[in-house]
Amino acid sequence: MNESTQAAVPAAEEKPAKKPIVFSGIQPTSGSFTLGNYLGAVKNWGKLQDDCNCAYCIVNQHAITVRQNPQELKKNTLSAYALMLACGVDPDKSIAFIQSHVKTHAELAWVLNCYTQFGELSRMTQFKDKSAKHADNINAGLFTYPSLMAADILLYQTNLVPVGNDQKQHLELARDIALRFNGLYGNTFTVPEAYIPQTAARIMSLADPSKKMSKSDENTNATVFVLDPPETIVKKFKRAITDSEAEVVYREGKDGINNLISIYSAVTGLTAEQIQQDFAGKGYGDFKQAVGEAVAEELRPVREKYEQLMKDKAYLEECYRGGADKALHFSQRTLDKVYKKIGFLPYK
Ligand code: AQP
């Protein structure tokens, strides 16, 4: 992967005629997003809408690789869609849709499964982690998750994929699949680049800073959710695991403090050096309180907007239907091209 493209949208003057195409998605599990999802990915989605042509999606087909309660999945999908809009995705500027509404995703995924090697999928760390976590349900979908993700991205001829650091490996595989397919059949897919933020690309658990902050963590103190009330957010930060020193400084071995500095930096825009200066001589208690309050303030308008959107189901329905229609229109073109190239007899 070309690291130089990380956190760098091609300057307008480099590509005057065409705006870059952006695609990304998020799972609806739990109906909320974690602070990691928000800072690592979703917060950036809205920022790209003016300079790029963006498509953003709630990936409910990915979600069923882990067993879901059907009623909960349905409810959480709508909630995640509303939250995506509340985080800044504007359905008038971006294509905002739900994955299962657009049939081309599953259709291209099947084709790409046939151009993805067993060995490649076996090396995916997410598959290893999730199969260890769900040992009673290591299904084929969990294994082929990256081919569906490649289909999501490649269908839109995507240039940039804003994701957290944990998705880098999947994105490299999507690039390899695109290059392989293009090599066999001629130029079919744009080869995408990751767009990974410089700060907050990997937010760690507040209870165990050696682990990624994750929706499914059983420890309720580990994960801050975007929809948590402000008092809960502050409380979770106050309980964050740090170290036995008392110096707010970004340094190897201080995983807990490094994580809090990254979060504070992403939310306030201050650099690590400025944060260190501001908290020189102050204890961890003051710092944790400040981080908690800053995060609660950052998320307050998101939560308010979400609550407002959830009261208007008809509007949400109109948005996701419109988004699916537009997504189908663009993605069908790529799928048609693929079917033609691989020799599927046309229907008409
Ligand atoms: N901790 C994180 N820090 C930064 N970015 C993160 N992302 C996820 N966790 C972090 C980014 O969020 C986007 C959506 O991710 P997803 O829908 O694939 O969610 P996930 O990886 O399944 O999230 P979880 O919280 O880890 O869920 P569970 O617990 O179900 O496995 C992606 O861009 C991802 O990089």
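The model is predicted: local features need pLDDT of at least 70, side-chain atom pairs count only at pLDDT 80 or more, and totals for chains, interfaces and linings use all residues. Residues are numbered from 1 along each chain as its sequence is written, and side-chain values use heavy atoms, with hydrogens and water left out.

**The ligand and its shell**

- Ser-216 has a side-chain N or O atom 2.5 Å from an oxygen atom of the ligand.
- Lys-212 places a polar side-chain atom 2.7 Å from a ligand oxygen atom.
- Gly-36 uses its backbone: a polar atom there is 3.1 Å from a nitrogen atom of the ligand.
- Taken alone, the ligand exposes 660 Å², and the protein buries 96% of that. These accessible areas come from the Shrake-Rupley method with a 1.4 Å probe; for residues, only the protein chains shown count as cover.

**The largest pocket**

- The ligand sits in the largest pocket, meaning that more than half of its atoms lie within 2 Å of the pocket's grid points.
- On a 1 Å grid over the protein atoms alone, a pocket is an open set of points with protein on both sides within 12 Å along at least five of seven lines, while a cavity is a set where a 1.4 Å probe fits but cannot get out; lining residues have an atom within 4 Å of a point.
- The largest pocket holds about 1300 Å³ of space. Grid points are joined across faces, edges and corners, and a volume is the space filled by probe spheres set on the points.
- Its lining has 46 residues, and Gln-126, Lys-130, Asp-166, Gln-167 and Lys-212 lie nearest the centre.
- Helix H6 (125-133) is among the elements that supply at least two lining residues. H6 gives the largest share, five residues.
- The lining has 14 nonpolar, 20 polar and 12 charged residues.

**The second largest pocket**

- This pocket has a volume of about 510 Å³.
- Of its 21 lining residues, the closest to the centre are Ile-21, Asn-53, Tyr-156, Gln-157 and Phe-330.
- Helix H13 (313-342) gives the most to this lining, with four residues.

**The cavity**

- A search of the whole structure finds one cavity of 30 Å³ or more. The largest cavity has a volume of about 50 Å³.
- Its lining includes Met-124, Gln-126, Phe-127 and His-170.
- H6 and H7 are the elements that give two or more residues to the cavity lining. H7 gives the largest share, four residues.

Notes:
Ala, Val, Leu, Ile, Met, Phe, Trp, Tyr, Cys and Pro count as nonpolar, Asp, Glu, Lys and Arg as charged, and the others, Gly among them, as polar. A polar contact is a pair of N or O atoms within 3.5 Å; within protein, one must be able to donate a hydrogen and the other to accept it, and residues adjacent in sequence count only if both atoms are side-chain atoms.
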